Amino acid sequence: MSKWYNVFQPIYQVDKDLNVTISHYEMLLRDENDSFPNNDFFRVIGTEEENQKWILAEKESIDQAFAKYPDICINLNIEPIQFAYPSVWKFIENIYSKYGKKVVIEVTERQLQAGTLGNKQFDKSFQRFHDIGLDVVLDDVDSGGHSFTFVDHHSDIISGIKLSLLDFDPISSDTTIRMVLVKSF
C-alpha cells in the first residue's frame, strides 16, 4: 500500500443573491500520485484487518484538520462494505465524541460492493449513524447505487444528497446554475 493522505475539497453554498460561502469540506483520499488509490483502496477495505490502514489515514487527517481549523465541518466518505466492520463503528463513535456534528458521514455510491451487507444491513447502519447523532449524506445520487427510490426509502434518516455532476454534463452551464439556484430556495 502506498502512503495515503487526504485533500479537503471546499463545498460551496450559493444563496439567491449569488453570495458564496464555504459550507464544509469533503475529505478526498489520495496517494503519492495525487490520485484516488482505486485498486489499492478496494483491496485494503476488503478485510477488517487491512481496513485499519484506512482508519489510521482518516483519523490522522481529521485530527490535523481540526487542530488547525477547529470551526470547520468535514464530510467523511465511507464505503458501504465498511459498515460490516466493528472497528469502523468504533472509529466513527470516537470521531463523533471528539468532534460532534462537525463531521458528517458521506456514504459513497458503490453500495453494490457491500456484498452480503444487504438492504436490511443498510437500514440498520443508517439508523446506527442516526442513533450516534451523525448526519448522513448520500453521494452521487442517481449515478451509482443510490437511486431516488433508495433516497426515498431512507429519507427519514439522511440529511442530504449530492447529485452526480456527470448528469449535468449535457446541460448548459446557464441552465445548471438556474437549476441549482431554484433548488436552494
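1. Lining of the second largest pocket. The residues that line this pocket divide into ten nonpolar, three polar and three charged. The lining counts 16 residues, and those that lie nearest the centre are Tyr5, Asn6, Glu60, Ser61 and Gln64. Two elements give two or more residues each: strand S1 (5-14) and helix H2 (48-68). H2 supplies the largest share of the lining, seven residues. The volume of the second largest pocket is about 300 Å³. Keep in mind that this is a predicted model.

2. Aromatic pairs. The structure holds ten of them. One is Phe83 with Phe126, an edge-to-face pair because the planes stand at 75°, with the ring centres 6.3 Å apart. The cut-off for edge-to-face is over 60 degrees. Phe83 sits in the loop between strand S3 (74-78) and helix H3 (86-99), whereas Phe126 belongs to helix H4 (residues 118-132). The two residues are 43 apart in sequence, so their pair ties together separate parts of the chain. Both Phe83 and Phe126 are buried.

3. A second pair onto H4. Trp89 and Phe129 also form an aromatic pair, and its geometry is tilted. The centre-to-centre distance is 4.7 Å and the angle between the planes is 40°. This pair again links distant parts of the chain, with Trp89 in helix H3 and Phe129 in helix H4, 40 residues apart.

4. Burial of that pair. Are Trp89 and Phe129 buried or exposed? Trp89 has a relative accessible area of 3%, so Trp89 is buried. Phe129 has 0% relative accessibility and therefore counts as buried too. The cut-off that decides this is under 20% relative accessible area.

5. Ser125. Which residues does Ser125 touch, leaving aside those up to four places away in sequence? The contacts are Phe83 and Trp89. Ser125 itself is found in helix H4. Its relative accessible area is 3%, so Ser125 is buried.

6. A ring cluster. Trp4, Phe36, Phe41 and Phe42 are linked into a cluster by ring pairs.

How values were computed
Residues are numbered from 1 along each chain as its sequence is written. This is a predicted model: local features need pLDDT of at least 70, side-chain atom pairs count only at pLDDT 80 or more; totals for chains, interfaces and linings use all residues. Side-chain values use heavy atoms; hydrogens and water are left out. On a 1 Å grid over the protein atoms alone, a cavity is a set of points where a 1.4 Å probe fits but cannot get out, and a pocket is an open set with protein on both sides within 12 Å along at least five of seven lines; lining residues have an atom within 4 Å of a point. Grid points are joined across faces, edges and corners, and a volume is the space filled by probe spheres set on the points. Helices (H or I, at least four residues) and strands (E, at least two) are DSSP runs, numbered from the N terminus. Ala, Val, Leu, Ile, Met, Phe, Trp, Tyr, Cys and Pro count as nonpolar, Asp, Glu, Lys and Arg as charged, and the others, Gly among them, as polar. Rings of Phe, Tyr and Trp (its six-membered ring) pair if their centres lie within 6.5 Å; planes under 30 degrees apart count as stacked, over 60 as edge-to-face and the rest as tilted. Buried means under 20% relative accessible area, exposed over 50%, partly exposed in between (1.4 Å probe, protein chains only). Contact means heavy atoms within 4.5 Å.
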